[in-house]
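Thanks for coming. I will go through the salt bridges, then an aromatic pair, then the pockets.

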Amino acid sequence: MCGNNMSVPLLAEAVTVSGTEKETAAVREHGWADTMTAIRLPHVKYICPHAPRIPVTLNMKMTMPSWFDLMGLSPDSPEDEAGIKRAAENIKAIIDHEVKNGIPANRVMLGGFSQGGALSLYTALTCQQQLAGVVALSCWLPLHKSFPQAASTSGNRDMPILQCHGEMDPMIPVQFGAMTAEKLKVIVNPQKITFRTYPGLMHSSCPQEMAAVKEFIEKQLPRI
């Protein structure tokens, strides 16, 4: 990673999986460094920032890694609006850092699992810069009631989104994922949304899902 990471707090402790040739694109994933190593592309740098440790209401206020507070995991649960927006700004700071160091915004992809995927969706849909796409695994769209208005200045109304969900997910039911996919269709070009579900899969990943993620990254971030 070139440049001064200390000016971007999340980068100071992020795990970066560097490309094996000239890096012409970047993918920002949450906490998935080992998985990204297994499916990495030689021209892509993978940045895996760590969520800060904060008290989480859903976990009896115990301190744990979390991008924002969680009060519940249903569509009608109250949400930590300030925390969500603050976390999104921190991710946008990483995007700005990559752009300053030579990777265009349209060669930057956001992605994550569960809360990380949720943050990726919210950040991309409220980002003025045009991004390469989003990988959203087993997640939801935070502050969904604020959309499509919240995306009025977004540069990503035509952005490809790969959304994947386990059909047996006990934490974030697949129905919540399906509702998110339908909501996304009124925010971005519906033809750019891919929603895949996996029978028997709980709140985790599987080889078939990772193969879909790799295929999506290869398509949206081709070697140049």
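Glu81 and Lys85 sit four residues apart in helix H3, about one turn of the helix. Keep in mind that this is a predicted model. The two side chains form a salt bridge, and their closest N and O atoms are 2.7 Å apart. Glu81 has 43% relative accessibility and counts as partly exposed. Lys85, at 38%, also counts as partly exposed.

Helix H3 holds another such pair. Lys92 and Glu89 are both in this helix, three residues apart, again about one turn. Their salt bridge has an N to O distance of 3.4 Å.

How many salt bridges does a search of the whole structure find? The search gives five.

Next, the aromatic rings. The count comes to one aromatic pair. The ring centres of Tyr122 and Phe147 are 5.8 Å apart and the planes meet at 80°, so the pair is edge-to-face; the cut-off for that class is over 60 degrees. Tyr122 is in helix H4, and Phe147 is in the loop between strand E7 (133-137) and strand E8 (161-166), 25 residues apart, so the pair links distant parts of the chain. Tyr122 and Phe147 are both buried.

The largest pocket has a volume of about 350 Å³. Its lining has 20 residues, and the closest to its centre are Met64, Pro65, Leu70, Ser114 and Gln115. Strand E5 (62-65) and helix H4 (115-125) each supply at least two lining residues. By type, the lining of the largest pocket has 13 nonpolar residues, seven polar and no charged.

The second largest pocket holds about 190 Å³ of space. Which element gives the most to the lining of this second largest pocket? That is H6, with five residues. Strand E9 (193-198) supplies at least two. The lining of the second largest pocket divides into four nonpolar, two polar and four charged residues. Among the lining residues are Lys192, Arg196, Glu215 and Lys219.

Notes:
Residues are numbered from 1 along each chain as its sequence is written. This is a predicted model: local features need pLDDT of at least 70, side-chain atom pairs count only at pLDDT 80 or more; totals for chains, interfaces and linings use all residues. Side-chain values use heavy atoms; hydrogens and water are left out. On a 1 Å grid over the protein atoms alone, a cavity is a set of points where a 1.4 Å probe fits but cannot get out, and a pocket is an open set with protein on both sides within 12 Å along at least five of seven lines; lining residues have an atom within 4 Å of a point. Grid points are joined across faces, edges and corners, and a volume is the space filled by probe spheres set on the points. Ala, Val, Leu, Ile, Met, Phe, Trp, Tyr, Cys and Pro count as nonpolar, Asp, Glu, Lys and Arg as charged, and the others, Gly among them, as polar. Rings of Phe, Tyr and Trp (its six-membered ring) pair if their centres lie within 6.5 Å; planes under 30 degrees apart count as stacked, over 60 as edge-to-face and the rest as tilted. Buried means under 20% relative accessible area, exposed over 50%, partly exposed in between (1.4 Å probe, protein chains only). A salt bridge is a side-chain nitrogen of Lys or Arg within 4 Å of a carboxyl oxygen of Asp or Glu.
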